[in-house]
Structures are given as structure tokens and as C-alpha cells.
Amino acid sequence: MTSASSALQARLFIDGQWRDGGDAGDFPVLDPATGETIARFPAATASDCEAAVRAAERAFPAWSQTSPRERSELLYRAFHTLRAERETLAEIIVRENGKAWADALAEADYATEFLRWFAEEAVRIPGDFRLSPAGDKRIVVSRHAIGVALLITPWNFPAAMATRKLGPALAAGCTTVLKPARETPLTAAYIVGVLDRVGAPAGVVNLVTPVPTGPLVAGMIADPAVRKLSFTGSTEVGRELLHACADSIVDTSMELGGNAPVIVLPGADLDDAVSAALQAKMRNGGSACTAANRFYVHASLHDAFVRRMADELSAVRTGAGLERENQLGALVSEVERDKVAALVSTAVDEGARVVVGGAALPPGAFYAPTLLDGVTHGSTITRREIFGPVTAVVAYDDVDDAVRMANDTEFGLVAYVLGPEHDALRVALRLDTGMVAVNRGVLSDPAAPFGGTKESGIGREGGSEGILDYLEEKYIAMNP
Ligand code: NAD
């Protein structure tokens with residue numbers, strides 16, 4: 001296994017070559033647990049971005065014409081390599097993102113599985129051959145790679161969000177330009193390096209980190225060669241990018257913000273509910289678009305639930321992710337930690353009570369596992385994505401009210417329902433989200449369609465749906 005330090009690749013990757021970038025200088029990549037600079041990454045210029053798009057454009061005709069089996073084999077080789085190097089990948093994730101070791105290792109495995117899943121999907125691209133209802137023609141539908149795909153990823157799952165896009169794009173026959181978050185470019189560079197090592201042809205995968213981001217990304221979107229934008233990140237930035245895509249009618253997939261409700265139903269088993277609630281809240285330190293944001297707990301269980309959650313959260317070991325026994329790592333930056341702290345203090349001003357935690361834990365971007373009780377539905381903390389280890393509990397009496405409060409948001413990514421299975425299913429069917437976890441704290445799976453309704457996004461990643469986002473249908477009419 002390569003050690004993480006020697007595996008750090010802090011360069012752009014364009015047309016099959018690692019490059020130091022133009023004259024825009026570089027930016028530091030920080031370890032959020034210590035504030036130290038781990039690496040300096042080149043700031044890509046407009047001409048670097050242009051070179052990446054041109055390389056992807058040149059590579060597209062040949063790559064899109066490779067056999068599905070050839071694309072599948074490339075992804076399998078990447079899968080096997082990354083699986084063998086999972087600890088190296090996890091270490092890079094911890095160092096630039098700050099998350100706990102167990103979360104990083106889980107992400108490394110999750111990320112790797114997208115490569116296997118899409119290696120399997122590459123050879124199953126569906127088509128159709130039908131007789132028209134009038135019997136006057138054959139309707140032939142074939143699917144083709146859409147073109148050059150621009151892939152923009154966030155910092156919270158720097159590996160999995162990259163492979164969730166690269167896997168289907170490459171399987172479909174698209175060529176790609178990956179733009180990772182400024183906080184976490186090293187993980188993306190490592191994954192791109194693996195694809196290069198296992199034989200991705202020059203230009204099929206490119207990596208840029210443009211500075212300033214907005215204008216240079218807009219420039220790539222305006223390039224006629226770019227036919228697809230797949231974006232994962234905040235709703236605010238997603239909205240801006242949708243506007244940019246409108247001008248050149250670029251196809252978009254949008255995985256945006258969440259505000260996940262958890263409904264604890266009357267009759268829920270307390271042990272099971274607490275265990276699922278902890279997973280839903282604390283996976284990835286709460287920095288997940290799927291993280292439980294608002295807990296609606298039936299009055300009959302409220303006091304016991306709060307006591308049990310308080311005990312569990314007080315026992316969480318917080319500290320540097322590289323110390324493997326720590327269960328909660330740092331937030332990605334002090335800026336993100338301060339956002340969480342501000343939300344908690346606003347919640348207190350609006351009447352919530354801190355039961356556990358409620359404080360930053362310097363040095364480093366740590367925030368204590370926190371439990372807030374007496375939260376009012378409609379208060380700021382129930383409206384905003386917390387993105388940190390803060391559990392906000394609202395008590396309710398009537399299940400219809402809980403459903404109404406759960407749906408009372410512009411977001412619609414995921415919801416959790418904990419309680420007797422049949423009741424939970426009935427509630428799940430009433431929730432306006434793209435995904436619902438019933439009596440589970442985690443639902444992400446490369447084999448399932450991941451995505452949201454309302455302002456949480458457009459399209460689905462993963463599942464058999466995922467590859468379709470990178471394919472375009474062609475209808476050919478023939479005589480019968
Ligand atoms: P962000 O929107 O700030 O950044 C996401 C990406 O967009 C980064 O690469 C960033 O550099 C880039 N970006 C920022 N401004 C841009 C601009 N003007 N033009 C083009 N690109 C720009 O989000 P973040 O803080 O990195 O990630 C957290 C957000 O991502 C949360 O809202 C979370 O819910 C969301 N998220 C969603 C999913 C999902 O699948 N729905 C998964 C993970 C994260």
C-alpha cells in the first residue's frame with residue numbers, strides 16, 4: 001500500500017498529464033484538525049480550464065465508441081485498485097476533510113463501490129425496438145453518451161461524490177472534467193490518479209480547480225463542447241449554475257441541499273429509534289446532505305428519547321480523525337464550525353435548551369456533539385441545513401402534525417421514519433422527499449437511486465437510473 005504522504009498529488013490533471021497550473025498561483029489545503037497546511041494546490045486559470053475542456057472534447061469520439069466491455073473493465077480495474085488502497089484514500093480524506101477515521105474508511109468503501117456498480121451498468125445500457133401502434137413503422141431507441149461532462153463536487157464526501165459522477169459518466173462513454181471543492185482537491189486528485197494508473201486514455205478524465213471559481217466554471221459551461229453539468233453542493237450555488245446552463249441549454253443533474261426530518265412515531269422501540277437516530281445524525285459528523293436535521297418525537301416517547309440521546313451523545317469521543325478511536329472528527333473548516341455555532345446560539349435565542357454540548361472545542365475546527373430540546377418548528381434551526389453534530393428535538397402529539405411539519409420545507413431530499421413498520425410505511429408514503437429511510441439511520445447505496453424533490457435537486461445518481469443522466473436517447477424510425 002502507498003503511504004498517504006507519498007500518494008499526495010497536488011496538481012491539475014489535463015490531457016493525461018499532471019500540470020502545475022498557469023500563473024494564478026496556488027491555494028493552501030488545510031488540515032481542519034490542526035489548521036496546518038498539508039499541501040498547496042495550483043489555482044487553475046481560464047486557459048487551464050479551456051485546455052481541460054479541449055482535451056475532453058478531443059478524447060470524446062474515441063472514448064464514446066469504445067465497447068461497453070472496455071469501459072466496464074477500466075472501471076473494474078479502478079475499483080480493485082482503490083479497494084486495495086482504501087486506507088491510503090481514507091487517510092487523505094481525513095487529512096483534508098477532518099472527519100473521523102471510521103467515517104473516512106466507510107466513505108472510501110462507498111466511493112469504491114460506485115466504480116464496481118457502474119462497471120456492471122456499463123454493459124447493460126438499455127435500448128428499445130418496437131412496432132408503432134399503427135403498425136406503420138419500427139421505433140428504434142438507442143442511447144448514446146451525451147458528450148463532455150463537467151462534474152462539480154462538494155467537500156463533505158470528497159471521494160464518493162467524485163466516483164458517483166465519474167463512474168456513470170465513464171460507463172456511458174462521456175469524457176469528463178472534474179472540479180472538486182477547494183477544501184478537498186487531494187482526494188479527487190488521488191482518484192483521478194488511480195484512473196490514470198489503470199489506463200484511462202488521455203483526455204477522458206481531467207481535473208481542474210479554477211480560481212475564481214464562479215466565472216471560470218461559467219466559462220466552461222458556456223463552452224459549446226460541454227453538454228452536461230452534474231453538480232453536487234448547496235442549493236444556492238446549484239440555482240446559479242442552472243441559470244448559467246440555461247444560456248447554452250446544458251443538460252443538468254443537481255444534487256443539492258437537504259433538511260431531513262426524523263419522525264419518531266408512537267409505539268417506536270426506543271433502543272432501535274435511538275440507534276437509527278444516532279446514525280442518521282452523526283454519520284460523517286452531521287456534515288451530510290442526508291443528515292437528520294429536525295427530530296419530531298411523539299410526546300409519549302419524548303422524555304425517554306431525549307435522555308437516551310443525551311447519554312449517547314455525551315459518550316461520543318471527539319478528536320483528530322487520524323486517531324482511529326475518535327468517533328467524531330473536525331468540521332471541514334473553522335468557517336463551517338462557526339456556522340454551526342451561530343445556528344445553535346440562534347436556536348437558544350429562539351427558546352431551545354442545550355441538553356448536551358453547545359460549544360466549539362478549539363484548537364481545530366471541532367464542535368461538541370450537541371442536543372437541543374424544546375425546539376419550535378419554524379424556528380431558524382428547523383429551516384436551515386445544520387451540517388454539524390447538532391440534534392434538534394421538537395415534541396409533537398399528532399402524527400398528522402408531524403407529517404405536515406416534516407413536509408413544511410423547500411427541501412425534499414430524505415426523511416427518516418422510526419416506529420412500527422406498517423405505520424412507518426404509511427407515513428413514508430406521505431412524505432415529499434426523494435428518499436425515505438424506515439427504521440434505518442443510513443440509506444445511501446450505489447445500487448439505489450439517490451436524489452431529491454423540490455429544491456433538493458433534479459435527477460438521480462446511482463441505481464440503474466444513474467447512468468441514464470449521461471446518455472441521450474436517439475429515436476430512429478424505420479419501415480416495419
Ligand atoms: P457549495 O455549493 O458551496 O460547493 C459545491 C461545489 O461548488 C464546490 O466544488 C465549490 O467549489 C463549487 N462552487 C462554489 N461556488 C461556485 C460557483 N459560483 N460556481 C461554480 N461552482 C461553485 O457546497 P459545499 O459547501 O461544498 O457542500 C455542502 C452542500 O452540498 C450542502 O448544502 C449539502 O447538502 C450539499 N450536498 C448535497 C448532496 C446530495 O447528494 N444532494 C451530497 C453532498 C452534499
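Val264 has Val297, in strand E13, as its bridge partner. The model you are looking at is predicted, so local features need pLDDT of at least 70 and side-chain atom pairs count only at pLDDT 80 or more, while totals for chains, interfaces and linings use all residues. Residues are numbered from 1 along each chain as its sequence is written, and side-chain values use heavy atoms, leaving out hydrogens and water.

Let us stay with E13 for a moment. Strand E12 (residues 260–264) pairs with E13 in the parallel sense over five bridges; two strands count as paired if DSSP finds at least two bridges between them. To get from E12 to E13, the chain passes through helix H10 (residues 270–282), and this β-α-β crossover is right-handed. That term means that, with the strands pointing away from the viewer, the path from the first strand over the helix to the second runs clockwise. E13 also pairs with strand E16 (residues 390–396), in the parallel sense over four bridges, and there His298 stands opposite Tyr396. Seven of the seven residues of E13 (residues 292–298) are buried, so the strand is largely enclosed by the rest of the structure. Buried means under 20% relative accessible area, exposed over 50%, and partly exposed in between, with a 1.4 Å probe and protein chains only.

On a 1 Å grid over the protein atoms alone, a cavity is a set of points where a 1.4 Å probe fits but cannot get out; a pocket is an open set with protein on both sides within 12 Å along at least five of seven lines, and lining residues have an atom within 4 Å of a point. Points are joined across faces, edges and corners, and a volume is the space filled by probe spheres set on them.

The largest pocket holds about 1200 Å³ of space. Its lining has 45 residues, and Gly233, Ser234, Glu236, Val237 and Lys339 lie nearest its centre. Among the elements giving two or more residues to this lining are strand E10 (226–232) and helix H9 (235–248), but helix H12 gives the most, with seven. At least three lining residues come from each of domain 1 (4–256 + 456–478) and domain 2 (260–445), bounds taken from an automatic or database domain assignment.

What lies closest to the centre of the second largest pocket? Of its 18 lining residues, the answer is Asp103, Gln279, Met282, Arg283 and Asn284. This pocket has about 470 Å³ of space. Asp103 belongs to H5 and is buried, with a relative accessible area of 17%. Asp103 and Gly321 are 218 residues apart in sequence, yet 8.8 Å apart in space, C-alpha to C-alpha.

Finally, there are five cavities of 30 Å³ or more. The largest cavity has a volume of about 100 Å³, and among the residues nearest its centre are Lys99 and Asn284. Asn284 is also one of the residues closest to the centre of the second largest pocket.
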